[in-house]
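Hello,

Here is the structure I promised to pass along. Have a look at it first, and then read on for what turned up.

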Amino acid sequence: MRLKVLGAYGASDAEHNLTGYLLDDWLAVDAGTLTSKLSFSQQGRIQAVFITHPHADHIRDLPHLIHNRFSQSAGPLTVFATKDVMEILSRDVFNGTIWPDFSEIISPLSGKPGVQYRALTPGKRIVFNEVGLTAVAVDHAIPAAGVILEMNGQAIVFPGDTGPTQEIWKRTNKTQNVVAIVTEASFPNDQQALADETAHLSPQTFGDELKKITVDAPVYASHRKIPYERDIESQIRNLRDRRARVLLEKNYTL
Ligand SMILES: [Zn+2]
Ligand SMILES: [Zn+2]
């Protein structure tokens with residue numbers, strides 16, 4: 001599979017982008033960066049996006065992706081999230097005040113709504129366009145779930161923002177042919193207290209999480225905070241685990 005990393009940081013400036021991943025050009029995970037880095041026609045090819053949690057750095061481009069879809073003939077974008085995440089998005093974002101609810105408005109171009117919401121039950125695998133999706137709850141400051149995606153005989157795991165967690169690793173260890181895991185390391189080791197308080201990982205706790213993972217696949221640290229990116233990178237390297245890498249904003253073939 002092809003993984004296009006549109007944003008690999010937990011903050012943004014002119015050279016660093018918020019979390020956003022695109023698989024095989026049609027399936028996105030998180031929407032911090034999608035519209036801001038994709039052409040209008042590339043956006044039209046996205047069929048679905050999985051949202052891990054409603055923090056602003058993971059949904060920034062979602063209202064605009066939906067709005068652009070409304071102005072295209074491609075038909076509805078499918079937004080996947082767990083039920084509790086979806087309820088927050090509906091109540092606090094797509095509520096007719098911050099942004100319209102485009103699931104209720106028919107596009108003149110497609111004759112259909114711009115978006116359809118699909119709430120997932122954590123732990124329950126569904127199939128969409130021949131891709132297996134399993135949302136798995138993780139441990140973050142607000143309701144949050146990662147996702148295990150199985151496509152074309154390969155699997156990739158995105159826990160999203162999380163502190164130390166268990167269930168998604170148990171599931172990952174039972175999944176066939178995992179080719180990559182994209183987790184996080186937000187703060188450097190000397191800010192471990194802040195990482196713990198905000199339910200994020202540092203390279204040190206990233207290293208502890210690695211020990212829970214038995215699959216032999218690269219484990220990427222995403223969501224670095226900008227001022228500490230070099231520190232985090234060297235601390236990840238110092239873990240001396242050949243699976244441990246930092247995630248870069250580039251295209252990966254897995
Ligand atoms: Zn985040
Ligand atoms: Zn978050």
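Predicted model: local features only at pLDDT ≥ 70, side-chain atom pairs only at ≥ 80, totals over all residues.

The coordinating residues are Asp57 (OD), His58 (NE2), Asp161 (OD) and His223 (NE2), at 2.0 to 2.2 Å. Along the chain these donors follow the spacing D-H-x102-D-x61-H. Distant parts of the chain are linked here: Asp57 sits in helix H2 (residues 56-59), while His223 lies 166 residues apart from it, in the loop between strand S12 (219-222) and helix H8 (229-237). Both Asp57 and His223 are buried.

The zinc ion (ligand 2) is 3.5 Å from the zinc ion (ligand 1), and Asp161 coordinates both.

Next, the sheet. Seven strands make up an open sheet with mixed pairing, in the order S6-S5-S4-S3-S2-S1-S14. At the edges are strand S6 (115-120) and strand S14 (251-253), each pairing on one side only. From one strand to the next, the twist averages 20 degrees. Strand S3 (residues 27-31) and strand S4 (residues 48-50) run parallel and are joined by three bridges; Leu27 has Ala48 in S4 as its bridge partner.

Two helices pack on this sheet. Helix H3 (residues 62-70) touches S3, S4, strand S5 (77-82) and S6, and its direction makes about 150 degrees with that of S5. Helix H4 (residues 83-92) touches S5 and S6, at about 120 degrees to the direction of S5.

Finally, the nonpolar cores. The largest has 31 residues, of which Leu3, Leu23, Leu133, Leu149 and Phe158 touch the most other members. Strand S9 (residues 145-151) gives the most to this core, with four residues. Leaving aside residues up to four places away in sequence, the contacts of Leu3 include Tyr21, Leu22, Leu23, Ile156, Phe158 and Val182. A second, separate core of 24 residues has Leu6, Ile59, Ile66 and Val79 among its members.

Happy to talk any of this through.

Best wishes

Terms used:
Residues numbered from 1 in each chain as written. Chains lettered and ligands numbered in written order. Heavy atoms only, no water. Donors = N, O, S within 2.8 Å, 3.2 Å for Na, K, Ca; no water. Buried < 20%, exposed > 50% of the residue type's maximum accessible area, 1.4 Å probe, protein only. Core = buried A, V, L, I, M, F, W, Y, C linked by side-chain atoms within 4.5 Å. Contact = heavy atoms within 4.5 Å. Pairing = 2+ DSSP bridges. Axes fitted to C-alpha atoms, helices over the stretch in contact; angles between N-to-C directions.
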